[in-house]
Amino acid sequence: MSIILVGVNHKTAPVEIRERLAFNDEACADGLRRLVDGEVVREGLIVSTCNRVEILSATTAEQLESGAGRLAQFLDAAGQLPAGFLNSYLYRHTDEEAVRHLFRVASSLDSMVVGEPQVLGQVRRAYSVAVEAGTAGRVLNRLVHHTFRVAKRVRNETGIAANAVSISYMAVELGKKIFDSLKGCTVLLIGAGEMAELSARHLVNAGASRVLIVNRTEEAARQIADEFGAVTVPFERLDQALAEADVVICSTGAPTYVLTEAQARQALSRKRNRPTCMIDISVPRNIDPAVGKVPNVFLFDIDDLESVISSNIREREREAERAELIVQSEVMQFQQSLRLMDIGPTIGAMRENFQEVARAEMARQRKHLGVLTKEQETAIEALLLTTVNKISHPILNQMRRFYESTEAETVPDEQDIFKLEE
Amino acid sequence: MRSLLLAVLAAYLIAAIHSILAFINKRRSVQRVAEWATVAGFIMHTAALGADWVIDGHYPLFSLREALSFLAWALVLVYAVVLYRYRAQAVGAFTMPLISILTFFSLLIAPGPTDALPSFSATRLFPIHTTLVIFAYAAFFIVFMASVMYLLQERELKLKTFSAIFYRLPPLTTINEIATNAAVVGLTLLTFGIATGMFWSWNRYGRMWHNDPKEIFALLTWLLYLFLIIYRSTASWRGRRAAWLGVVGFALVLGTLFGARYLGGYHVFG
């Protein structure tokens with residue numbers, strides 16, 4: 001059996017193309033039923049996300065070319081594009097390359113942001129749609145399950161998803177480097193911007209128990225406060241709120257410093273010098289950089305966050321190299337198991353063997369037949385071989401169908417079968 | 001016994017190398033190797049100490065060779081507690097190499113004739129005194145290491161350099177807690193260790209204090225850690241300065257442990 005993968009992704013096709021091809025679950029199931037004919041395209045699965053549309057299918061080794069053509073045509077039709085239109089955007093991978101590609105996609109090595117966790121769920125969804133449509137057969141079943149295993153291994157054994165790469169998540173990341181747990185922490189938002197809100201949401205998810213919001217206009221503060229169950233604090237009482245906060249996120253539109261060094265010192269002594277993480281995501285900055293010199297205050301401005309993010313991305317890329325090694329070894333393992341699953345060579349060998357028996361019998365009985373013309377001799381040999389072939393053909397076919405309908409791990413090779421008879 | 005100790009050293013070395021590797025590349029599988037090697041080394045080490053005790057007929061903590069080996073053993077135990085309690089794997093990368101070095105040096109020193117042992121080492125109180133003190137030193141080493149880790153991590157956060165250390169060290173409050181708790185445990189052990197030593201000396205010589213360099217160092221050590229704990233437990237958070245004290249205090253511990261040998265006095269054995 002052979003595997004073909006044809007598709008477009010964010011690297012090969014612009015969004016105008018990808019959006020035309022995008023499938024929802026229903027279209028996916030419909031399309032699969034139309035595509036899979038049991039002859040050229042034997043099994044099929046469509047992965048459709050905002051960054052990629054890919055069709056994965058299984059066919060026989062002989063029909064690899066026509067199968068790939070069929071898939072490309074199918075995509076053209078699905079996007080209501082003229083035939084061949086997509087050719088310059090499409091990539092085609094077969095066998096080992098297709099397997100590697102799928103492993104890399106599911107492990108999020110092919111994603112726009114390496115290590116993002118959504119893509120595995122999208123592959124999982126694509127698979128369940130294919131299962132429901134009845135187009136996932138034994139090859140794809142096996143491939144997809146192996147893919148899940150690889151993705152899990154990559155996630156567990158490398159750190160490609162370990163460090164945050166978004167500004168809003170940085171508060172959690174930095175907080176965790178200061179406090180062993182964010183549980184029970186108090187978060188103070190100065191300013192009610194969208195980014196601050198998002199950061200606070202992450203902190204609350206990570207366990208922070210209290211959110212205080214200080215804003216010049218109390219209305220905006222109240223709006224966010226309602227969403228979180230947070231407490232609004234009037235601007236005049238900023239100092240008091242500061243003394244209670246473990247994590248401070250500042251994002252106001254103010255043109256000057258909202259928080260000065262003197263305020264920070266005072267707040268710290270009121271909270272008995274317990275460490276405080278302050279994050280200033282506003283431009284111009286709202287926390288005086290001198291605040292960072294106060295002992296046990298750890299102040300980060302937007303540039304610091306960017307620099308952590310870029311170092312996190314570098315860290316992820318280093319980890320991605322390790323992930324590639326895992327993918328490589330898994331691809332080899334899968335190919336090995338696929339080869340064991342393939343009944344083709346065994347059937348070929350058996351056919352050879354049957355014909356060999358016929359020829360041997362012919363040679364043994366030849367002397368009893370007397371003098372024959374060349375034509376007669378060929379006719380007798382043909383007679384024997386066609387008889388053997390015609391008798392064995394349905395049996396071998398039946399055997400092939402039987403193996404392909406089971407989830408057998410391995411097929412017996414021809415020696416195993418004949419040894420039984422000896 | 002030597003061959004068993006060589007095996008112990010090998011296990012500790014494997015653990016040390018894997019701990020450092022795990023610290024660098026953060027692989028759980030590597031960390032697991034380090035932990036299992038530590039366990040294997042510790043079991044063999046315990047067996048070696050036990051066998052020493054049975055064969056030599058005295059508690060295996062008297063000569064310098066024995067003290068080094070016993071200290072290594074105590075450190076493994078303390079490290080295991082820290083690892084179990086705080087899951088702070090980074091500690092292993094710092095501790096296991098030291099444990100290996102201690103074991104190595106204890107192997108370098110040829111065992112002396114056993115009959116040279118003074119009779120007093122057979123009294124019951126003496127081994128208790130030495131054991132308590134050795135465990136106190138092990139705890140102080142953890143204080144030292146956590147303090148160094150604290151200073152490194154604090155520096156990373158303040159300067160925002162975010163080097164490899166930043167990703168690998170535990171959070172500040174965790175390190176701080178390790179240092180504080182280890183200091184409390186160490187001081188408690190040292191207090192009892194000094195007390196048993198004094199009591200033993202009183203029974204034997206009729207005096208508690210010999211003005212011996214080791215005693216003076218020990219007293220200074222005791223005072224410093226007492227101060228450290230009081231300093232830490234006052235209402236304010238003192239992370240950085242307390243961490244510096246933890247580093248300086250360890251110099252005194254080293255002075256007590258080794259320095260006093262060169263200053264003479266009655267505390268020098270083996």
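The model is predicted. Its largest nonpolar core holds 129 residues, and a second, separate core holds 58. Chains A and B touch through 19 residues from chain A and 16 residues from chain B.

**Domains of chain A**

- The domain assignment divides chain A into domain 1 (2-157), domain 2 (167-308) and domain 3 (343-421).
- Between the C-alpha centres of domain 1 and domain 2 of chain A there is a distance of 45 Å.

**Nonpolar cores**

- In the largest nonpolar core, the residues that touch the most other members are A:Val187, A:Ile213, A:Ile249 and B:Leu71.
- Helix α5 (residues 125-159) of chain B supplies the largest share of this core, with 18 residues.
- The second, separate core includes A:Ala13, A:Leu71, A:Ala133 and A:Ala151.
- Beyond its neighbours within four places in sequence, A:Val187 has contacts that include A:Ala200, A:Leu203, A:Val247 and A:Ile249.
- A:Arg210 is also among the contacts of A:Val187.
- In soluble globular proteins, nonpolar side chains tend to be buried together.

- Strand β10 (residues 297-301) of chain A is largely enclosed by the rest of the structure, because five of its five residues are buried.
- On one side of β10(A) the buried residues are A:Val297, A:Leu299 and A:Asp301, and on the other they are A:Phe298 and A:Phe300.
- Strand β9 (residues 276-280) of chain A runs parallel to β10(A) and is joined to it by five bridges.
- A:Met278 has A:Leu299 as its bridge partner in β10(A).

- On the side of chain B that touches chain A, the elements giving two or more residues are α5, α6 (164-168), α7 and α9 (239-262) of chain B.
- Of these, α7(B) gives the most, with three residues.
- The chain B side is made up of eight nonpolar, four polar and four charged residues.

**B:Leu172**

- B:Leu172 lies in helix α7 (residues 172-205) of chain B.
- B:Leu172 counts as buried because 26 other C-beta atoms lie within 10 Å, where 20 or more are required.
- Not counting residues up to four places away in sequence, B:Leu172 touches A:Ile178 and A:Pro275 in chain A, and B:Tyr150, B:Gln153, B:Glu154 and B:Gly239 in chain B.
- B:Leu172 and B:Leu228 are 56 residues apart along the chain, and their C-alpha atoms are separated by 18 Å.

Terms used:
Residues numbered from 1 in each chain as written. Chains lettered and ligands numbered in written order. Predicted model: local features only at pLDDT ≥ 70, side-chain atom pairs only at ≥ 80, totals over all residues. Core = buried A, V, L, I, M, F, W, Y, C linked by C-beta atoms within 7 Å. Buried ≥ 20, exposed ≤ 12 C-beta atoms within 10 Å, placed from the backbone. Helix = DSSP H or I, 4+ residues; strand = E, 2+ residues; numbered from the N terminus. Contact = placed C-beta atoms within 7 Å. Nonpolar A, V, L, I, M, F, W, Y, C, P; charged D, E, K, R; others polar. Domains from an automatic or database assignment. Pairing = 2+ DSSP bridges.
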